[in-house]
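Dear colleague,

I am handing over the structure we spoke about, and I would be grateful if you could look through it with the notes below beside you.

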Amino acid sequence: MVTIVDINSNTPLRPRHPEKANRPDSVSPAKPAWIRVKAPTTRGYADTRNIVRENGLVTVCEEAGCPNIGECWDKKHATFMIMGDTCTRACAFCNVKTGLPQALDAGEPEHVAEATFKLGLAHVVVTSVDRDDLTDGGAGHIAATIRAIRAKCPTTTIEVLTPDFLRKDGALEQVVAAKPDVFNHNLETVPSRYLSVRPGARYFHSIRLLQRVKEIDPTIFTKSGIMVGLGEQRHEVLQVMDDLRSAEVDFLTIGQYLQPTKKHHAVMAFVTPEEFSGYETVAYTKGFLMVSASPLTRSSHHAGEDFAKLKAAREAIAR
């Protein structure tokens, strides 16, 4: 479990999730053997951590307590989380700190580009907190980061994992105009679980967001993901697949939800590797170019390798 107290801020006793602090504990079942990972100890992990620290960057790898951080950082793969470490949403599944964020750092796009260069990334993933406090939801800052990486690392392909820009007219268009190679926006769960899991979001708005990307620029790959183990039913997962394909989404990820703290939503079930394999098979039959479905699948896990497969799949269809 990840601690619920923020020990890195100037006020170390401030709850990381003040809106959850007084909730009763939610107890999850014990993790099965297939979900366990080793603690990160390699030299590559340490080198990546040092580059992140030197550039004053935040990563979703750390903030969200990703179980794959040891593997990815050992390979010098990191997902940069921009616009601060504090989110204006309070999703029941997420370990990113919640509250009122600080002002944007105008130098952050250049810092991300510099770290991308130092790590020698062929493919970089940039995500962000939700910034409902900003008039454009942070879209301009995301676009500036894409442009900075392009200028510093012209051969690096860029994947963005964005907020939903709910009620932020014109925000999506700013990001698409910067031409990321992959536009990712996660649905996170099935519609019936939104009220308890993702109450600040709207399922069909997120579907429409992904559809709109394709309408503006069909050359951009689109991607979305959900977690399972939150109380969803199999037929609901299959319906999500159909909704995403109706929006022409290219790439689907499905991973196991893991409870960050006892104040977060409980794990309702641990889905077996065999069930994940079944989801993957069905998803391919529905027309996705790329599918990643496994207990430890996360949006940016193996993102570079998966991008190469995406391009190959599109080229094969075009022949």
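Predicted model: local features only at pLDDT ≥ 70, side-chain atom pairs only at ≥ 80, totals over all residues.

The protein chain contains eleven helices and nine strands, and of its 319 residues 53% are buried.

Seven strands form an open sheet in the order 1-4-5-6-7-8-9, and their pairing is parallel. Strand 1 (79-82) and strand 9 (290-293) stand at the edges, and because each has a single partner strand, one side of each is left without a neighbour in the sheet. From one strand to the next, the twist averages 20°.

Several of the pairings can be followed residue by residue. Strand 5 and strand 6 pair in the parallel sense over three bridges, and here Val-160 stands opposite Phe-183 in strand 6. Strand 7 is joined to strand 8 by six bridges, the two running parallel, with Ser-224 opposite Leu-252 in strand 8. Strand 8 is in turn joined to strand 9 by four bridges, again in parallel, and Leu-252 stands opposite Val-291 in strand 9, so that Leu-252 has Ser-224 facing it from strand 7 as a counterpart to Val-291. 

How well covered is strand 8 (residues 251-256)? Six of its six residues are buried: Phe-251, Thr-253 and Gly-255 lie on one side, and Leu-252, Ile-254 and Gln-256 on the other. Strand 9 is likewise covered on both faces, with Met-290 and Ser-292 buried on one side and Val-291 and Ala-293 buried on the other. As background to these two-sided lists, side chains in a regular strand alternate between the two faces of the sheet.

On the side of helix 8 the contact is made by Tyr-203, Ile-207, Leu-210 and Gln-211, and on the side of helix 9 by Val-240, Asp-243, Leu-244 and Ser-246. The residues of this contact divide into five nonpolar, two polar and one charged.

The annotated cysteines

An unreviewed UniProt entry carries the annotation "binding site" for Cys-87, Cys-91 and Cys-94. Cys-87 is placed in strand 2 (residues 86-87), and Cys-91 is found in the loop between strand 2 and strand 3 (97-98). Are these two residues buried or exposed? Cys-87 counts as buried because its relative accessible area of 10% is under 20%, and Cys-91 counts as buried because its value of 13% is also under 20%. Leaving aside neighbours within four places in sequence, Cys-87 is in contact with Val-96, Lys-97, Thr-98, Gly-99, Val-129 and Asp-130, whereas Cys-91, with residues up to four places away likewise not counted, touches Lys-20, Val-197 and Arg-198.

Two residues with positive phi

Most residues other than glycine have a negative phi, and two residues of this model deserve a look on that account. Arg-167, in the loop between strand 5 (157-161) and helix 6 (171-177), has a positive phi near 60°, and Arg-167 is exposed, with a relative accessible area of 69%. Glu-188, in the loop between strand 6 (182-184) and helix 7 (194-197), has a positive phi near 75°, but Glu-188 counts as buried at 16% relative accessibility.

With kind regards

Note on methods: Residues numbered from 1 in each chain as written. Heavy atoms only, no water. UniProt positions renumbered as here; feature names shortened; annotations may be inferred. Buried < 20%, exposed > 50% of the residue type's maximum accessible area, 1.4 Å probe, protein only. Contact = heavy atoms within 4.5 Å. Nonpolar A, V, L, I, M, F, W, Y, C, P; charged D, E, K, R; others polar. Pairing = 2+ DSSP bridges. Axes fitted to C-alpha atoms, helices over the stretch in contact; angles between N-to-C directions.
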